[in-house]
Amino acid sequence: MKTYLFNTENGLYEGETFENTDTIKYVDGMTPVPPPGYEHGQVPVFDRRKNKWAIIPVSAAKQLLQ
């Protein structure tokens, strides 16, 4: 199953991979929910509480990295 990776500390999108469906619930920083489309200058961020992605500007993402 295709899964999507996010940073566990700040939710920033880290890419995608394929994983066994049973494994997803045991691996932190992985979700089967695909991020929405985004444009240059934007970054998807995963919100675990809502179990969905948000799109933020790169300038805001830089602040999450500090």
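Predicted model: local features only at pLDDT ≥ 70, side-chain atom pairs only at ≥ 80, totals over all residues.
Residues are numbered from 1 along each chain as its sequence is written, and side-chain values use heavy atoms, with hydrogens and water left out.

**Overall architecture**

- The protein chain contains two helices and five strands, where helices (H or I, at least four residues) and strands (E, at least two) are DSSP runs numbered from the N terminus.
- Read from the N terminus, the order of elements is β-β-α-β-β-β-α.
- Along the principal axes, the C-alpha atoms fill a box of roughly 35 × 20 × 20 Å.
- Of the 66 residues, 29% are buried; buried means under 20% relative accessible area, exposed over 50%, and partly exposed in between (1.4 Å probe, protein chains only).
- Among contacts (heavy atoms within 4.5 Å) with a separation of 6 or more, 34% join residues 24 or more positions apart.

**The three-stranded sheet**

- An open sheet of three strands has the order S2-S1-S3 with antiparallel pairing; two strands pair if DSSP finds at least two bridges between them.
- S2 and S3 stand at the edges with a single partner strand each, so one side of each lacks a neighbour in the sheet.
- Strand S1 (residues 2-6) is joined to strand S2 (residues 13-18) by five bridges.
- Within this pairing, Lys2 has Phe18 as its bridge partner, and Phe6 stands opposite Tyr13.
- The S1-S2 hairpin has six residues between its strands, and Gly11 in the turn has a positive phi of about 80°.
- S1 and S3 pair over two bridges in the antiparallel sense, and Leu5 stands opposite Met30 in S3.

**Thr3 in strand S1**

- Thr3 lies in strand S1 and is buried, with a relative accessible area of 0%.
- Leaving aside neighbours within four places in sequence, Thr3 is in contact with Gly15, Glu16, Thr17, Phe18, Glu19, Ile24, Met30 and Thr31.

**Pro34 in a loop**

- Pro34 is found in the loop between strand S3 (30-31) and strand S4 (42-47).
- In contrast to the buried Thr3, Pro34 is partly exposed, with a relative accessible area of 45%.
- Not counting residues up to four places away in sequence, Pro34 touches Tyr4 and Trp53.
- Pro34 and Phe6 are 28 residues apart in sequence and 11 Å apart in space, C-alpha to C-alpha.

**Aromatic residues**

- A search of the whole structure finds five aromatic pairs; rings of Phe, Tyr and Trp (its six-membered ring) pair if their centres lie within 6.5 Å, and planes under 30 degrees apart count as stacked, over 60 as edge-to-face and the rest as tilted.
- Phe6, Tyr13, Tyr38, Phe46 and Trp53 are linked into a cluster by ring pairs.
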